[in-house]
Structures are given as C-alpha cells and as structure tokens.
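The following exercises are to be worked through with the sequence and the structure at hand. Each task is followed by a solution in steps.

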Amino acid sequence: MADVSFYVSPLSEEIREEGRAEGRAENILIVLGARRIDVAHATREKITTCRDPERLRGWLLRSAVVATAEEIFGEDAPSEQ
C-alpha cells in the first residue's frame with residue numbers, strides 16, 4: 001500500500017492553498033482583461049503576490065463590476081491624503 005501521509009500533511013495543504021491563490025489571482029487578471037480594463041504594473045503585482053484566499057476572492061468578485069482595476073481593492077486601496 002502506498003504512503004499517502006504527505007497528502008494530508010500541513011505542507012501539502014500549504015501547497016494547495018498557494019495554488020488556489022495563484023489561480024484566483026490569474027482569474028482576476030482574466031476577468032479584467034476580458035472586460036478590457038487596463039492593469040498597471042503595480043496593480044498586477046499586488047494581485048499576483050497576494051496569498052490571502054479570502055482577499056483574492058473579494059477582489060475577484062469586484063473585478064466583474066469595477067470601472068478601473070484599482071477599484072477591486074475597495075477598502076484595501078490606499079486613502080488619498
């Protein structure tokens with residue numbers, strides 16, 4: 001019988017979470033691209049380096065309705081001073 005302990009290990013879960021985060025980040029960029037919304041380099045970098053799946057989920061939902069890429073950040077956007 002094969003040893004499957006790796007597949008239920010914390011490391012395995014961490015790898016799966018990272019894959020989910022990368023997939024959500026890619027989906028955000030796909031949605032914005034399909035909507036012909038320009039994405040600045042800094043915005044693209046913020047999206048692709050985020051590893052918080054819930055934050056990425058929120059950004060993905062917002063990407064379907066925003067007018068600019070920066071609007072996906074909502075409350076995460078830096079405030080103007």
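This is a predicted model: local features need pLDDT of at least 70, side-chain atom pairs count only at pLDDT 80 or more; totals for chains, interfaces and linings use all residues.

**Exercise 1. Check the span of helix 1, and state which of its residues are buried.**

Step 1. Helix 1 covers residues 10–34, which is 25 residues. The expected span of a helix is 1.5 Å times one less than its number of residues.

Step 2. The helix should therefore span 36 Å, and its end C-alpha atoms are 36 Å apart, which agrees.

Step 3. Its buried residues are Ser12, Ala21, Ala25, Ile28, Leu29 and Leu32. They pack against helix 2 (41–49) and helix 3 (53–63).

Step 4. Glu17 is also part of helix 1, but at 28% relative accessibility it counts as partly exposed. Its side chain is joined to that of Arg20 by a polar contact of 2.5 Å. A polar contact is a pair of N or O atoms within 3.5 Å; within protein, one must be able to donate a hydrogen and the other to accept it, and residues adjacent in sequence count only if both atoms are side-chain atoms.

**Exercise 2. Describe the loop between helix 1 and helix 2 through Arg36 and Ile37.**

Step 1. Arg36 lies in this loop, just after helix 1. Its phi is near 60 degrees, a positive value in a residue other than glycine. Most residues other than glycine have a negative phi.

Step 2. At 74% relative accessibility, Arg36 counts as exposed. Ile37, in the loop between helix 1 and helix 2, counts as buried at 12%.

Step 3. Ile37 touches Leu32, Val66, Ala67, Thr68 and Ala69, leaving out residues up to four places away in sequence.

**Exercise 3. Which residues have the most contacts inside the largest nonpolar core?**

Step 1. A nonpolar core is a set of buried Ala, Val, Leu, Ile, Met, Phe, Trp, Tyr and Cys residues joined through side-chain atoms within 4.5 Å. The largest one has 15 residues, and those with the most contacts inside it are Ile28, Leu32, Ile47, Leu56, Trp59 and Ile72.

Step 2. Helix 1 and helix 3 each supply at least two residues of this core, and helix 1 gives the most, with five.

Step 3. Beyond four places in sequence, Ile28 touches Ile47, Leu56, Trp59, Leu60, Ser63 and Ile72. Ser63, in helix 3, is buried with a relative accessible area of 0%.

**Exercise 4. How many aromatic pairs does the whole structure hold?**

Step 1. Rings of Phe, Tyr and Trp (its six-membered ring) pair if their centres lie within 6.5 Å; planes under 30 degrees apart count as stacked, over 60 as edge-to-face and the rest as tilted. The search finds one pair.

Step 2. Trp59 and Phe73 form this edge-to-face pair, at 4.8 Å centre to centre and 75 degrees between the planes. Trp59 lies in helix 3 and Phe73 in the segment after helix 3, so the pair ties together parts that are 14 residues apart in sequence.

Step 3. Both Trp59 and Phe73 are buried. Lys46 lies over the face of Phe73, at 4.1 Å from the ring centre; a charge sits over a ring if NZ of Lys or CZ of Arg is within 6 Å of the ring centre and within 35 degrees of the ring normal.

Notes
Residues are numbered from 1 along each chain as its sequence is written. Side-chain values use heavy atoms; hydrogens and water are left out. Helices (H or I, at least four residues) and strands (E, at least two) are DSSP runs, numbered from the N terminus. Buried means under 20% relative accessible area, exposed over 50%, partly exposed in between (1.4 Å probe, protein chains only). Contact means heavy atoms within 4.5 Å.
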